[in-house]
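Here are some notes for a colleague on the coordinates shown below.

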Amino acid sequence: MRRWASATLCAVFAALAAAGAQQPAPAPQPSAAPPGTSFDMMVVDREGRAPDNLGPGDLTVSVDGRPRRVVALRRVSRGPGAWTDAATRQARAAGLTAFAAEPVRNVILVVDQAGLVRGEERVAVTTGRALLDRLGMADRLAVVLLPLPQDQMLSLATEQPVARELLAKTAGQIDPAVLARADAPGLPALGNPMASDPERLREAEPVPVAAPVPEMREPDAPPPAGTLNELAGLLDAIRTVPGRKVIAFFSAGLVSPVPAQVSAVAAAAVAARAAIHVFAVPGPRDDAVLNLQVAPLETLARSTGGAFVSPGRNPERTIARTASELAVCYVVELEPAVTDADGKRHTLRVEVAGRGLSVRAPAWLMPSADPGDLPANAAAPSPAAGPEAPAVSPGAGTKATRPPEAPSAREAELQLAMARLVDYVEAYERQYSGLVAEEEYKQSSRGKNVRLRSDYLLVKPDKATEWVSFRDVYEVDGVVVRDRDDRLKRLFLEPGLHVGTQLQAVRDESARYNLSMVERNINVPLFLLRFLQSENRPRFRFRLAGRRQVAGVEAWRIEFEERVFPTIITDNQGRDVDAKGWFLVDELTGAIVETALKIEENGSTGDIKVSFRHDPALGMWVPAEMTELYQAMTQRSLSGAPRPETFVEGTARYTNYRRFQVKVDEKVVIPK
């Protein structure tokens, strides 16, 4: 009987050699700038790419019309794989730019319901979902619907279901019947009586920043009204949250805004180190009574260093460019001046040398806390491990570090691909562990058939350091499994069970009802995630094998081949079985959209392929189908040539994903 199983290995830490970090030649390093002396900006060429070779001398900056010297410039890689991308770019750069990383971004989607017609919210919701789809698994995000309910609680979370559920509740505030009436009154201002009360601008869990930010509104500016009032309250609430923020603002237009009010809200965003990216969705802007104005939205975006775009008929294409721009920014540090911390707005103007380059920067220089970017030569972060986890050195446990010579473009791309994949898997295992799916699994072997119905989930037994797939079979060929409750208690609640024994018991239980022609416990859809764990990655050689368009995304094909013995998979005699195969990985987020595993021993082969689908409710890629095929070369006669014969094949489909927990990282009260 052929038996292929996953062996239990001792955990020996070794980081991905391709992303190792030996100190490069001396280069400028990011420093925490005093409040008021730094600001974020975006520079792109005609192709929408951010250059690597900018230096302080390429910028001309003036504050209140007077030249100000640029003392440092750093390029910040943002989102999935950010640290590896920054380290690789620094190794290849020859200019005066320093490189840093922002592995976890703060992204807040704000929907202005006041300008939407009831029943015509589709574009705003669709565009918002498309943006959520292109964020990283470790990014912290939230959705806010304006006008705000009383004492709205803003939750910045790494998991998307709550945000997606709230986005789906978007409801336009304009009655369609109003548009048909020539004598309809204008829209009333959506006032917020609490916005002027500083006691309402509080946090659920206060987070200290480097320095307090003084009140930034000009004394002669009238209080913002309606949507602007609500937005100002949000910006004040997030001002002390560490790091830069991205505000994705979906609106059809503002109702009779006063320019000074728009300026005051933009200044509040700059003080919070927030860039507002406006998505101008369709609305009744030609209605003279409603008087929806879109020009102030463009002013709001450009004054904060954000972008103003219209989703059009293809929101996915618009979001793709936005997501690409959110993957990088620059931090400009200026020579300090005595006026930097006086609490006033100081007009900022930035020009960049070079043909074909465009720059976006805030309209003012204002005091704000340094975003706390991670220098490219610092310890590699582990975003998925949570804020309490210590940083992990990319060279720990191994002597394989970045070579003295800069990596080639191909090697740099592989390093980025692997970094995004690994970041994704680390977060994915944690988030998938809150899910359970229904599995319908049909297997056949030489005339024998079995149909299994199971719950499929990832489990982490007490004291274990790894996640393991668990197939909880509850029905075999239509017959209910009777000992299910006792089996679960024995696996997870029996005291004193050695962790290695328990993990093996879980794997064996998942294989209990397989057709026995091939004894195996590797036929679970997330098995290959184990190859990407930190202790196992050095066992494999990875290489890029082109790109594919799959499931609506551009994906890298990353092939792997096991090169270290003993192998992870063994036969029933304990003999090594080499593993090879590939991952299809979303280039932007690192999400796995397809996997394949191929094993071979003594003329017998096994192939397992898993396709994933994006679940819009969960905001995750989840297994959709797994196929397996086991063949052996047989010779039916002395004169005939050997030919492959199938002795086991199977297809499993996964539906009805359910989540039973949600993790929230930080909460902030939005005043009402």
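1. Helix α6 is largely enclosed by the rest of the structure, because ten of its 13 residues are buried. Buried means under 20% relative accessible area, with exposed over 50% and partly exposed in between (1.4 Å probe, protein chains only). Helices (H or I, at least four residues) and strands (E, at least two) are DSSP runs, numbered from the N terminus.

2. The model is predicted: local features need pLDDT of at least 70, side-chain atom pairs count only at pLDDT 80 or more, and totals for chains, interfaces and linings use all residues. Residues are numbered from 1 along each chain as its sequence is written, and side-chain values use heavy atoms, with hydrogens and water left out.

3. Helix α6 covers residues 259-271 and reaches 18 Å from its first C-alpha to its last, close to the 18 Å expected at 1.5 Å a residue; the expected span is 1.5 Å times one less than the number of residues. Its buried residues include Gln261, Val262, Val265 and Val270. Among the elements covering them are α5 (226-237), β12 (274-280), α7 (295-303) and β18 (364-365). Just after α6, Arg273 has a positive phi of about 55 degrees.

4. The largest nonpolar core has 70 residues, of which Tyr428, Tyr432, Phe531 and Leu597 touch the most other members. Helix α9 (residues 409-432) gives the most to this core, eleven residues. A second, separate core of 35 residues includes Leu156, Ala232, Ile238 and Val270. A nonpolar core here is a set of buried Ala, Val, Leu, Ile, Met, Phe, Trp, Tyr and Cys residues joined through side-chain atoms within 4.5 Å.

5. Arg78 lies in strand β5 (residues 70-78). Is this residue, Arg78, buried or exposed? Arg78 counts as buried because its relative accessibility is 7%. The Arg78 side chain makes a polar contact with the side chain of Glu102 at 2.6 Å; such a contact is a pair of N or O atoms within 3.5 Å, and within protein one must be able to donate a hydrogen and the other to accept it, while residues adjacent in sequence count only if both atoms are side-chain atoms. Beyond four places in sequence, Arg78 also touches residues including Arg105, Arg244 and Cys329, where contact means heavy atoms within 4.5 Å.

6. The protein chain averages a pLDDT of 80, and 76% of the residues score at least 70; pLDDT is the predictor's confidence in each residue, from 0 to 100. It stays under 50 over residues 186-220, and pLDDT is also under 50 over residues 383-404.
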